[in-house]
Amino acid sequence: IELSLKIPPGLTVRANPVLLEQALLNLTNNAVAYSGPGASVVVSAEERPGEVLFLVEDTGPGIPPADLPRIFERFYRVDKTRSRESGGTGLGLAIVKHIAAAHGGSVRAESELGRGSRFFISLPARET
């Protein structure tokens with residue numbers, strides 16, 4: 001799996017660095033775990049008016065549309081069989097949601113079956 005990091009030099013955000021790292025690691029670990037050989041995972045960030053947007057994007061199998069609204073719920077698993085095999089708890093995305101909320105931000109996901117998923121964390125821009 002090819003992992004790429006695309007974050008502009010000098011980009012800053014007002015956040016607890018340990019919590020932000022945990023949120024991005026949770027998303028990146030999921031992207032790697034659910035993508036097969038030859039897939040790619042990109043972690044990027046950009047500053048937009050009033051926000052800093054982090055994106056973790058993969059070319060994995062995607063998430064069924066019926067499951068997408070529930071993936072940030074505690075203990076919710078799209079593939080119950082795979083989660084038991086990999087030892088997942090079903091808490092990773094819920095933790096990401098709570099970390100974003102604790103910073104006054106939000107999280108959302110987009111996905112297309114067979115084409116991958118995109119997870120966005122939006123945090124308020126750093127006040128100058």
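View 1. Let's start with contacts, meaning heavy atoms within 4.5 Å. Take the contacts in the chain between residues at least 6 apart in sequence: 64% of these join residues at least 24 apart. This is a predicted model, where local features need pLDDT of at least 70, side-chain atom pairs count only at pLDDT 80 or more, and totals for chains, interfaces and linings use all residues. Residues are numbered from 1 along each chain as its sequence is written, and side-chain values use heavy atoms, leaving out hydrogens and water.

View 2. You can find 3 helices and 5 strands here, in the order β-α-β-β-α-α-β-β. Both are DSSP runs numbered from the N terminus: helices are H or I with at least four residues, strands E with at least two.

**View 3. An aromatic pair.** How many aromatic pairs does the structure hold? There is 1. The ring centres of phenylalanine 72 and phenylalanine 119 are 6.2 Å apart and their planes meet at 80°, so the pair is edge-to-face (centres within 6.5 Å make a pair; planes under 30 degrees apart are stacked, over 60 edge-to-face, the rest tilted). Because phenylalanine 72 sits in the loop between β3 (51–58) and α2 (80–86) and phenylalanine 119 in strand β5 (residues 116–124), the pair ties together parts 47 residues apart in sequence. Phenylalanine 72 and phenylalanine 119 are both buried (under 20% relative accessible area, with a 1.4 Å probe and protein chains only).

**View 4. A charge over a ring.** Look for arginine 108 over the face of phenylalanine 120, 3.9 Å from the ring centre. Such a charge counts if NZ of Lys or CZ of Arg is within 6 Å of the ring centre and within 35 degrees of the ring normal.

Note on methods. Rings of Phe, Tyr and Trp (its six-membered ring) pair if their centres lie within 6.5 Å; planes under 30 degrees apart count as stacked, over 60 as edge-to-face and the rest as tilted. Buried means under 20% relative accessible area, exposed over 50%, partly exposed in between (1.4 Å probe, protein chains only).
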